[in-house]
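Dear colleague,

Please find the structure below, handed over for your records.

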Amino acid sequence: MQHAHGTTGAAWWRDAVVYQVYPRSFADGNGDGVGDLAGLRTRLPHLRDLGVDALWITPFYASPMVDGGFDVADHRAIDPLFGTLADAEALIGDAHALGLRVIVDLVPNHTSDRHDWFQRALREGPRSALRTRYHFRPGKGADGELPPNDWESVFGGPAWSRTTDPDGTPGDWYLHLFAPEMPDLDFDSPAVQDEFRSVIRFWLDRGADGLRIADAHGLVKAAGLPDLGRSAQAGLLGSEAVPYFDQDGVHEIHRAWRRILDEYPGERIAVAEAVTPDADRLALYVRGDELHHTQNFDYLCAPWDAEALRTTIERTLTAHTAVGATATWALGNADVHRVVTRYGDGETGLRRARAAALLTLALPGAAYVYQGDELGLPEILDLPEDALQDPQWERSGHTERGRDGCRVPLPWEGTAAPYGFAPEDAEPTWLPQPAAWAGLSAAVQHKDPDSTLALYREALRIRRQTEDLGDGPLDWRPGPSGTLVFARGAVVCTVNTTGEPVELPRPGELLLSSAPFDAPDADRISLPSDTAAWWRAQ
């Protein structure tokens, strides 16, 4: 297995490029219209040729699929929608043979309500010992008819649902910070802690190179489950402290998991999905004895504005450097609108997304690429309402369309749906693909040297071969308003986030630019609007 810059050995993760796979939408091998592990195996050469170091696969476990597989019924079984455990083991082997590492998801905050533990807890009633593995509580009010506290679900509505006891009478309530079908686990339970230590070993024993820990911030709740005292709580996440996320007790859990990872050869890693009020709190998850990466939502959510981008870059680097950790950077994931659409309409959004890709891949640390962003795919904003499957759509009373628009199955080749996503005689894709995607397929872009796919491949090739890119220092240089200029050793990155060309001193030899422009051999250059370029300093 090769390190990101061509050397074998430790700390491969400090400057790795990780590709996020949402398997339902990546490739369909059996023709049922839903992506699966067999389809993913056939498309692994795309990731090798792209030049990434690892793939992170969102949940493929046994699940009722209330929330796209994040409602896990069994972490040791593959959902038949995606294949079998043998398929997962073969996928890991195929990826390793191509020089790719594999990171799998761990979903420890909650289970599916179909999980055997939860079903037994309901059947056995209030005295069931299994209820200590979840947050069951009596309700308030004269007859327990009110929820135990005022916490709200991230998906909308109360975070509590009431049970019915075996004799048919109303019973206790249980906590679910997401959908009612996803009851939260209680990590004060030794059985819960034992289970997840076992699950981690199960996947490491099968060759997984790492784990992405979903909702890593949510595993410990404040003692006594106190009221928050405010409504519209979802709007507080990531900006204010709440009693159910980012409690200090989560860190001892992650330290225990890190000790397991360190028992295995090959620098196995853990990645935290953590929502915290500030960058300093986020960096606590990647202290030397805890996890390796955190997802960087601050950077992902920053607007296309030089000042805002520099502020979040500096804030991230300062917080991570203080604990000796490497930073990560991403422009997209399976939970947010695609970067092309977030950054603007049509060609403007694509132009900015291409520039942002070069900026991101030039920053110190590791980078994450969401599937399809290397193709410049836009968010699909006009999916028919009867096609929407994200639980946010129903939970919000049809006011929030949810995340389906960034999860539309990928276009691989051909001029009509399913564009190579599935065999031609397959069932309709689980979300409909737009006709405009014929011109954005991987096959079309493979032949076009100016395509977004070609830009990503060349950027990753240069990054892989250039020691100054990836991990290491960043030195800011002066530039006009609306620009970012910084050096990574002998490589200089210039970014113009404005709508007009800007004049800059020529940094050196042009290596790559996100948009074509004339860079004559002169002392100064005119960097076009919404454009980034890499230079080799002279």
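The following notes concern aromatic pairs and charges over rings.

This is a predicted model, in which local features need pLDDT of at least 70 and side-chain atom pairs count only at pLDDT 80 or more, while totals for chains, interfaces and linings use all residues. Residues are numbered from 1 along each chain as its sequence is written, and side-chain values use heavy atoms, with hydrogens and water left out.

A search of the whole structure finds 23 aromatic pairs (rings of Phe, Tyr and Trp, the last by its six-membered ring, with centres within 6.5 Å; planes under 30 degrees apart are stacked, over 60 edge-to-face, the rest tilted). One of these is the tilted pair of tyrosine 61 and tryptophan 203, at 5.8 Å centre to centre and 55° between the planes. Tyrosine 61 lies in strand 3 (residues 61-62) and tryptophan 203 in helix 5 (residues 190-205), so the pair ties together parts 142 residues apart in sequence (helices, H or I of at least four residues, and strands, E of at least two, are DSSP runs numbered from the N terminus). Tyrosine 61 is buried at 1% relative accessibility, and tryptophan 203 is buried at 0% (buried means under 20% relative accessible area, exposed over 50%, partly exposed in between, with a 1.4 Å probe and protein chains only). Phe60, Tyr61, Phe202 and Trp203 form one aromatic cluster.

Arginine 131 lies over the face of phenylalanine 136, 4.4 Å from the ring centre (NZ of Lys or CZ of Arg within 6 Å of the ring centre and within 35 degrees of the ring normal). Arginine 342 lies over the face of tyrosine 343, at 5.8 Å.

Yours sincerely
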